[in-house]
Amino acid sequence: MLDMAIDSTQRAPQPGPRAFLAGAGLVWTRQRILWWIFAVNLVLAFAGASFVAHNVAENSGAALNHSLESARRLVEGFDLSALGELSSLPEQPLRGTRTMFVWPSIFFTLFMIFSTGGILVSYYDDLRLDAAGFFEACGRHFWRFVRLAIYFIIVMIPVVFAGSAVGSLYDNVDDASVSPYSSVAFLAAVTLLFLFVLISIRIWFDMAQIISMAKNDRRMYRMLGRSAKLVWNNFGSLFWLYIRISVVGWVVFAAGLSLWMLVLPPDSTGPAILVGQAMTLFWLGTRLWQHASETEWYKRYRTALYQPVPMPPPPSVPPPIPDVESLPPS
Amino acid sequence: METAPAAGGVKIENSAAHCANGAKRHILSGRGESHIARGQDCFAQTHMPIRRIFETALVFGALFAAPMAGAKRLPPQKHAKTPAPAGAEPSSLSTRVVAYKIDATLVPREHKINASETLVYKNLTGQPLQTFPFHMYLNAFQPQSTFMTEMRLYGTRGNSSGTDWDPKHFGSETVTKLEVDGIGDVTKSIHFIHPDDNNAQDRTVFQVSLPHPVAPGDSVIFHMNFVDVMPEVVERTGYKRDFYMVGQWFPKIGVWWHNQWNCHQFHATTEFFADFGTFDVNVTVPQDDVVGAAGDLVSSKNNADGTKTLAFHSEDVHDFSWTASPHFTDVEDSWTGSAGTVKIHLLMSPGHMGSAPRYMQALKGTLAYYDKNVGPYPYDRITVVDPPHGAADAGGMEYPTLITAGTTWYMPKGVLEPEAVVAHEFGHQYWYGMVATNEFEEAWLDEGINSYEEVKIMDALYGPKTSMINLPFAQLSDAEAQRTSYLGLPDYDPLTRFAWKFVDDQSYGGITYGKTATVLLTLEKMIGEDKMREVMRQYFMRYRFTHPTGADFLNTINEVSGRNFDWYFNQAVSGTNILDYEIRDVHSDPVKWYESVSTGPRVYRSYVTVHRNGDFVFPVDVKITFDDKSSQTEHWDGRDRWIRYTYERTAKVTAAEIDPDHNVWLDSNFFNNSRTVESYHSATHKLLNIWVFVNEWISQLTSWIT
């Protein structure tokens, strides 16, 4: 009953700024989680990409591995027509490219649903989890978070419909306006609005995960309700926490991409791999950072509300009861 | 007036003001001449960084002088000092078969054009003519027309196959009255014909029969009233908001060619064919419209009803189009070539001014290239129309002395599409405009030859490896873009197929544009660049202002080169043969002790097997490289299906490569042209790295739902 009251009505006593840094600290001190997730992401992506690379090697008549032409056009620069030519070969060596992206994404998403429980418990508990504890937490929360993911998809349906409606609206604005910038401004505004909505929804569901984990409560629909009230009452603090980490991620991504595309020579494979994987690792880290910061925020929030109430001053000392024996006989 | 220093120290004078008609106009300063000189220098350079080109910063200046405001007589159209073809009047460049006089009034509220037309047709066919066919192109934009039926089946340049009919694209052209001098009203004898497909619903060609024939050498005068309903922009023409691109808009007589009328229906993939002549066109539009047209402005007067009437004159051309919008900014400049000064107008749409210097630089470079390598540009003007956003289908089109381009507000500098479009469409002034081949039947002669010239110009101006895309992380050359465009469907249709008989739009585009350019690039490598330039110049000079055929072009090549390339043309032009040679096998074996008589250093027997994959026979060079850095080049006539070269050396073979100098652009697979003994994985690793990275990110984005 006490928790209910906390989730529904209370504002956080400004735990944000500290949660931001504490979240980063949690990701750092529990970086084994980050490395494992990164490894799974990499292995799945590599498996998908290798499948296509194998196809290319098998079906292009040694086009890539034994061809001087591929070296000239793909390694010493990146001639876009080389990809076009590869795809137009009768053997279709680039077929399967779509599959390459679909399956790793599905598996990685399932993996993340599975591991989120363990991640949150690791960040919430003061004690480091061992592997058994981590996977126990993963298993405990897996079906809860599957249900939550389904709710998330349901919530996203109207957003998607709104997106297509906005698309039509964009066409109308673009059609009616003499200047192309009207529709550009419209698109920019709508993009920002959608970003805001999407982040808000994500924060809502993140907090539902955390509350469920903290209370070990499997009633996800109810958790969503509590989370909604909590986020509503503390939106500024949570949004600011989330967006700051996102911005850090975007900036690092842009810097990494610039380094890769503009600075590294086209034929430098090793450094390009390092830069690309560093970007991926950091981006993954920012997502965990968001989880950790939100968890830390919630923890501090609860702690703040559980501050021991100062005991009321003891009542004034009553006059000592006279010793019965000392009383004069009546 | 603002003056500001530009990159490279070029002074920019920028003066913008509003003309009487409300249009902003910019005039490039006199420094434009120095830009031309730089532009010409560009051709000697194989790699010209784009930034340096922009350092020739175009200078925007004061108002476009007032020809459109108030009636004013302009100097007569200037003609180049070029000989007229046989049959032409002494003062003209062409044999003038037609003389059109059109009065057109735009009714913006209804997107209609009410017009009257007088056509004087001179019978130069040498025989009496009694029936006369006319094109009615705008009727193509109706649901059951041949154009729309074909578009739904296999797509066209602006729409993919299966595109549904959209009523906003309805267009029509109706002749309400047709009279013939000396005969009277023949409106009732108009009937639509369908010479190509018997589609009774197609109304893109009508024919009228006269009671008595027109004798050879006589003229017949048609008077007609017609009404155009303009579609929302579709396939080169129409309106978008208050922008109008008015092309293929008047009843146009067919061409008497090869002893019969040549007047095809309008198809999804076809363009146009018409006789040369003169055009006097009066256009009445709202007073605040800026008008561009394929003719010299002769006069302009404001009318009491808020409209203005502009009179245009054009001669030695075979079509007339015009455009109007109150939002055009007219960027004016000039260029001087061997035939005199050419006035340049860029009619820029809102939000696209950033592309104006790019258009201008490409246009001047293209003018200079053609002047130097092909022949003089004899007209005194060229107008580039930049369609507004949402009207892209009006872009990338050519009319005599007026072309349409295409850009966007965000066009990155490294994406050279605006430049390529301008280079291509201006090239049509030569290949279609002056060398007026039949675009219905032999589209490769205008689109293909023009695509080849586009490659040459883009390579010269923007570098041979970066002439289409020049981004830090990716490049694309125009030549590669042309070549790759036909590889998807390389063997369905020959170049010589009638344009509407290709298997689909993709084959039409790939073969007509891409394969022709690639065929000519390969030919250039065989005869040499100088000889190829001479071929193009001779072909142009001989056939300008006429209607040559493919045979005329191929004969010119044989004649100028002094060689017979019929073996090549039979496969590449009129055939669908695939050219693909591959290195099948490369390896070395040590010679066994019992096979060798010498006791010196170890000897290896190396084998290189070359295979002709395709059915196109072409002589090729094969370069074999050994591990002692030596190499040997073999020449194979390519006739047999395969050949094996064997060497006994102390060095082992390391690689073999067909066409080491990259002369055979027509080879459909460059990747199998070489083979190394050692496997190296740089390309695979690079692709793998990109794919892994993208894959990781897509996975992470997907997992955002968790």
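B:Glu332 sits in strand E23 of chain B, which spans residues 329-337; helices (H or I, at least four residues) and strands (E, at least two) are DSSP runs, numbered from the N terminus. B:Glu332 has 19 C-beta neighbours inside 10 Å and so counts as partly exposed. For that label, a residue is buried if 20 or more other C-beta atoms lie within 10 Å of its own, exposed if 12 or fewer, and partly exposed in between, with C-beta atoms placed from the backbone. From C-alpha to C-alpha, B:Glu332 and B:Ile557 are 38 Å apart in space, and 225 residues apart in sequence.

Some housekeeping before going on. This is a predicted model, in which local features need pLDDT of at least 70 and side-chain atom pairs count only at pLDDT 80 or more, while totals for chains, interfaces and linings use all residues. Residues are numbered from 1 along each chain as its sequence is written, and chains are lettered from A and ligands numbered from 1 in the order in which they are written.

## The two chains in outline

Chain A has 11 helices and 0 strands. Of its 330 residues, 35% count as buried. Contacts are worth a look too, where two residues are in contact if their C-beta atoms, placed from the backbone, lie within 7 Å. Among the contacts in chain A with a separation of 6 or more, 75% come from residues 24 or more positions apart.

Chain B holds 12 helices and 36 strands. Buried residues make up 52% of its 706 residues. For contacts in chain B between residues at least 6 apart in sequence, 70% join residues at least 24 apart.

## Where the chains meet

In the contact between the chains, 64 residues of chain A touch 54 residues of chain B. Eight stretches of chain A each supply at least two residues of the side that touches chain B: H3 (31-59), H4 (68-75), H5 (80-88), H6 (97-124), H7 (131-176), H8 (180-215), H10 (235-263) and H11 (269-305). H3(A) gives the most, with 11 residues. By class, this side of chain A has 38 nonpolar, 20 polar and 6 charged residues. Here Ala, Val, Leu, Ile, Met, Phe, Trp, Tyr, Cys and Pro count as nonpolar, Asp, Glu, Lys and Arg as charged, and the others, Gly among them, as polar.

The buried ones are A:Leu68, A:Glu69, A:Ser70, A:Arg73, A:Leu74 and A:Val75. Their cover includes H5 of chain A, and from chain B strand E35 (653-658), strand E36 (674-676) and helix H12 (682-702). Just after H4(A), A:Gly77 takes a positive phi of about 110°.

## A helix pair in chain A

H8(A) and H9(A), the latter covering residues 220-233, have axes that come within 8 Å and cross at roughly 120°. Axes are lines fitted to C-alpha atoms, for helices over the stretch in contact, and angles run from 0 to 180 degrees between N-to-C directions. H8(A) and H9(A) are therefore oblique to each other; angles under 35 degrees count as roughly parallel, over 145 as roughly antiparallel, 65 to 115 as roughly perpendicular and the rest as oblique.

On the H8(A) side, the residues that meet H9(A) include A:Ile203, A:Trp204 and A:Met207. Among their partners in H9(A) are A:Met220, A:Met223 and A:Leu224. This contact has 11 nonpolar, 2 polar and 1 charged residues.

## A covered helix in chain B

H5(B) is mostly covered, with 10 of its 11 residues buried. H4(B) (residues 356-373) and H5(B) (residues 417-427) pack at an angle of about 40°, with their axes 8 Å apart. That makes H4(B) oblique to H5(B).

Leaving aside neighbours within four places in sequence, B:Val422 is in contact with B:Tyr359, B:Ala362, B:Leu363, B:Thr366, B:Val384 and B:Ala405. B:Val422 is also among the residues that touch the most other members of the largest nonpolar core, which has 243 residues. Such a core is a set of buried Ala, Val, Leu, Ile, Met, Phe, Trp, Tyr and Cys residues joined through C-beta atoms within 7 Å.
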